[in-house]
Structure formats: C-alpha cells, structure tokens
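Please read the points below alongside the coordinates.

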Amino acid sequence: MAISRREFLRNGALATGALITQHGGKTRPTVQARPSLNPNSLTPFVDPLPIPSAAHSAGVRPSPTNPSIKIPCYRVAMQSFETSVHRDMKPTRMWGFGGAFPGPTFDLRAGEEVLVEWANELPKQHFLPIDHTLHGAEKDKPEVRAVAHLHGARVPPESDGYPEDWITPGKSAVYHYPNQQDAAMLWYHDHAMGINRLNIFAGLAGAYILRDKQEDALHLPTGKYEIPLVICDRMFDKDSQLYYPVSDKPESPWTPEFFGDANLLNGKLFPFLEVEPRKYRFRVLNAANGRFYHLSLSNKLPFHQIGTDQGLLSAPVTAQSIMIAPGERLDLVIDFSQSAGTSIVLNDDFVPLMQFRVSGTNVKDDSILPATLRRIEKLPESAAVRTRLLSLDEEDDLVQNPVRMLLNGKSWHDPVTENPVLNSTEIWSFINPTDDSHPIHLHLVKFQILDRRKIENFAYISQQELRFTGPPVPPDPDEAGWKDTVRAHPGMMTRIIARFEGYPGRYVWHCHILEHEDNEMMRPYDVLPSS
Ligand SMILES: [Cu+2]
C-alpha cells in the first residue's frame, strides 16, 4: 500500500521540527509553554542502544483456574525515575514499569500461564497536562490513575486492563495471563481512561514476548542476536524534561495528535548498536502516540519481515522500506554479513533514528532465514455470521479544528452496540471519511485483513451513502498474517475478519492514536456467551 498523504504529513512534521501539527492541509496551533530542545543540535550515535532488562518472577501462587497448580507470579511496579536520554542531556524524569522505559521484557512460553501484580507506586500528582473536559478525566477523578493492558493478549476480561479499572498510587492489581496463543511479541502499556496518552508518553510501556516449539524449530537468530526495538517520538524542553504540547484553550489542553522531534529507541535518542556481520532478529514495536514510522537502512540493505502483530507470517517478505503504525509490531531479520566494517543508519524517511556499527571480523552464523515460516489458514468470508459497518468519525469546530473523534457516531458512555457471540466469526468494515489513517485495535482477538476499498467521501459524509470508486485491494504481503491492529486509511473502507475466541465479557476496541483514543475514539464491546 502506498504511503497516504496523511502518513507523509506525519513524517513531514518531524523533518521541519515545527511546533504545529498538520492535519490534511489544516494547521492546528499549539502553545509552546517552554523553550524546546532541538535534538539536531546533539551529537548523534554516542550512546549504546539499551537492552531492556528481563522480567523475573517473584515466586509462585495458585492458578486462578486450577488452585492445585502453582504458577509464576511477577510483580511490576510503576514508578517515577530519572534517566539519561542522551549523553549531553540532563537527566529526564519519566514514569515507567519497573522504574524504566521500556519496562522489563517478559520472555515466556506460549501456553504457560502467569500472574502479574501491577503495582501503582507513582506520585500523587501528574507532571503532564491533564484535560479535565475529557470523559473519564474529570476534576473529581484522582489525577494519577493507571491500569496495565497487555496488547495482543487473549485474557479474561477482568485481567484485560479495562480503561475504568484504573488504580491509584499505593494500590495494586493481580492479573492472570493464560498465554494460550501463538508465539508473538505483545506489549504492555497503561490504558487509563482519559489520560492514557499522557501515561504512555511518560514511559509506561514494555515488551512481552511469547515463544513456542514451532518457532524454536526454525532456528531464527536468538539470544544476543535477537533485539527488542521500542520506537517512539517525544519532545524535550531546554532542561531535558519531557514536553507535551497543549492547545490554545487553557481549560481544554487536549491536542488532536502528538508528533515529537526526538525519536527514542529503547529510551535513547540516536543510539548506536555494535553488531557482527551476520543475521539479527529485531522485534520492533511502535509505541508512539501518533507517529507512523517509515523505516529504511542508509545502505539500502533490505529488511526480511518474518512476522507481524500476532506472530510469524507464512513466508518472509523482503523490502527496502517498511511502515509501522502506533501499536503495531514488526518481526524483522537483517543480514549484516555483506556489510562488515561499515556503519549503517536506520532512518525514518530522511530522519536518522539509530546507527548499526558492523564489526570487520568474519563470524560463524548458525541461524537460518527459512523460506517458509508457518501455515496461515485464511478465514473464509463465508464463515462470518455478521458484517458490521463501522464509521470512523471526526467532529470539528467552526474553524475545522477537531473537537472529538468517534467510532460509529457513538461515544464511550453510549450503550454497547458491538456484541459478537463467543466463537463466532464476524467481518468488521471500518469506513473512514476523515483525513487520518487510524490504526484500529481490537482487544482479545487476532484478525486478518480482507481488503481495502476507496469510497466517495462526500456521498458518505453528506448522505451516509457508501459508494465505491475502486475495486477491493487485498492487503500487501507484509500485513497478510495475523494482526491485532489495522491501518484504516482515509477515504477507504477497510475490512477485517475475526473469530471471537477466548472469553465472554466486556472488552474495548479503539484507535491507537492515543490522542484520539483519549477523546472518545474508543468503545466498549461485549463478547456474548454462546448458548
Ligand atoms: Cu484515530
């Protein structure tokens, strides 16, 4: 799929470093309360890429489903901490799981259940601008609230991190993760109602890797040759502190999107990684609030994409550039064997993100890039018992500044309208007449993308009439595997198919642009028990 104009603008905003966000040709003023730091004034590639620490269990406890079995229990505390983002910057205050950003990486086997006690040990005051006019963030709510959600996990509803299940400082919640699903890189992050964009921006996110025998048998690069890469953009002030822009309305500081000019890789600005001339596996997560990354390597070395959100593809897809939206994951193999003694820069279009320094000595590489990875059964459209047409909506004020974003014209507090039956298959068709590409995420389930089709925006907006102006286009090979987040492009209908397996109960679906999610672009949905 070609880069949409909107996605291009996302990147363009970074190149100029401007403190405006562009929205399909409209510009939205934001207030610059503090002088910002220009990351391009810093020397790049002076800090090594940090590798997040491993999560370790704190003991065992009885399984909630079978108390005669003892299962590992982890304890992860959300804490305020200071960190050096770049050699020449002062320490930056952040909030993170395990007092780090990214938080500790879970590395677990599929099918082996665990418990995690998520403890809120954050201060009682937030350091980022809360908008009390947003639903769920009213003045009567505690300022600091957090709830952990494991993105991409099939978990019982009480452990899913429902946005209203937030806990305050001093409290903790024990969640049960059955891990009954395929090997994949999931990620955990805050999901608290109305302030999720600020909590994740502060650093509340980490990686959660599931492995299985099928993946072991492939002999992909592993150990120190498998690197998690958490990418996000931020903005800093002159004192090296996180800076989150606000609107020009003091009573309502929400801004429609955040785009920063400083890109962090595993929490560092412009890091470098020393690699050997051999194959590496990179588990890439876009943890940004709103930025789509368009990745490429400076020497045109190709990426071999072996997996997507919900695990391995059927076969590697080789490409010189690759797109990743907020919430999505990429599983990439890069073969540095022909690049001994060189330096290679990982770019987001023309913006440098990090540097690979390839050593000059030849090494033995036992890892394999297999020609085929796994069988992926296509969900047939005929299996669907229902198709839901769901619009992605933006409400603007008189000068065309967005006021709020909605899913199918409904806000969070409206009665539930999406209620698939457990173990049934449905097609959800996202109709997007807005200027944005919205990465839509469904909790609980994995899905496949059926197709995208151009629509006539005016007919849809003015008369709710769905008129197609082109044929359905199947997903590109790089998103033809199992997904949990789909880019619903502007001016298109994007169709996905999912089997609602797992557990009955209440979950959510939402846009993963965090500013949208916090301002009504999130809806509860119910999985109904099968009779
Ligand atoms: Cu959105």
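1. Two strands are taken as paired if DSSP finds at least two bridges between them, and helices (H or I, at least four residues) and strands (E, at least two) are DSSP runs numbered from the N terminus. On that basis strand β13 (residues 226-234) and strand β14 (residues 262-265) run antiparallel and are joined by four bridges, with Arg 234 standing opposite Ala 262 in β14.

2. On provenance, this is a predicted model, in which local features need pLDDT of at least 70 and side-chain atom pairs count only at pLDDT 80 or more, while totals for chains, interfaces and linings use all residues. Residues are numbered from 1 along each chain as its sequence is written, and side-chain values use heavy atoms, with hydrogens and water left out.

3. As to confidence, pLDDT is the predictor's confidence in each residue, from 0 to 100; the chain has a mean pLDDT of 93, and 94% of its residues reach 70 or more.

4. The β13-β14 pair belongs to an open sheet of seven strands with mixed pairing, in the order β15-β14-β13-β17-β22-β19-β20. At its edges stand β15 (268-269) and β20 (311-319), and because each has a single partner strand, one side of each is left without a neighbour in the sheet.

5. An open sheet of five strands, also with mixed pairing, has the order β26-β25-β27-β31-β29. Here β26 (402-407) and β29 (447-454) are the edge strands, each with a single partner, so one side of each has no neighbour in the sheet. Neighbouring strands of this sheet are turned by 15° against each other on average, direction ignored, where axes are lines fitted to C-alpha atoms (for helices over the stretch in contact) and angles run from 0 to 180 degrees between N-to-C directions. Strand β25 (residues 384-396) runs antiparallel to β26 and is joined to it by five bridges, and Leu 392 stands opposite Leu 407 in β26.

6. Which residues have the most contacts inside the largest nonpolar core? They are Trp 118 and Leu 295, in a core of 98 residues, a nonpolar core being a set of buried Ala, Val, Leu, Ile, Met, Phe, Trp, Tyr and Cys residues joined through side-chain atoms within 4.5 Å. Buried means under 20% relative accessible area, exposed over 50%, and partly exposed in between (1.4 Å probe, protein chains only). Not counting residues up to four places away in sequence, Trp 118 touches, among others, Val 76, Met 78, Phe 97, Phe 106, Lys 171 and Tyr 188. A second, separate core of 28 residues includes Leu 392, Val 445, Val 486 and Trp 509.

7. Strand β6 (residues 92-97) is largely enclosed by the rest of the structure, because five of its six residues are buried. Strand β5 (residues 70-83) pairs with β6 in the antiparallel sense over six bridges, and the bridge partner of Phe 81 in β6 is Met 94. In the loop between β6 and β7 (106-109) lies Pro 102, and the peptide bond from Phe 101 to Pro 102 is cis, with omega near -5°.

8. Two non-glycine residues deserve a backbone check. Lys 300, in the loop between β18 (293-297) and β19 (303-308), has a positive phi of about 65° and is exposed, with a relative accessible area of 57%. Asp 349, in the loop between β23 (343-348) and β24 (351-358), has a positive phi of about 50° and counts as partly exposed at 22% relative accessibility.

9. The copper ion is coordinated by His 438 (ND1), Cys 511 (SG) and His 516 (ND1), at 2.0 to 2.1 Å. Donors are N, O and S atoms within 2.8 Å of the metal (3.2 Å for Na, K and Ca), and water is not among the atoms, so sites may look incomplete. The donor residues are spaced H-x72-C-x4-H in sequence. His 438 in strand β28 (residues 438-442) and His 516 in helix α5 (residues 514-518) are 78 residues apart, a pair that links distant parts of the chain, and both His 438 and His 516 are buried.

Definitions and conventions:
Contact means heavy atoms within 4.5 Å.
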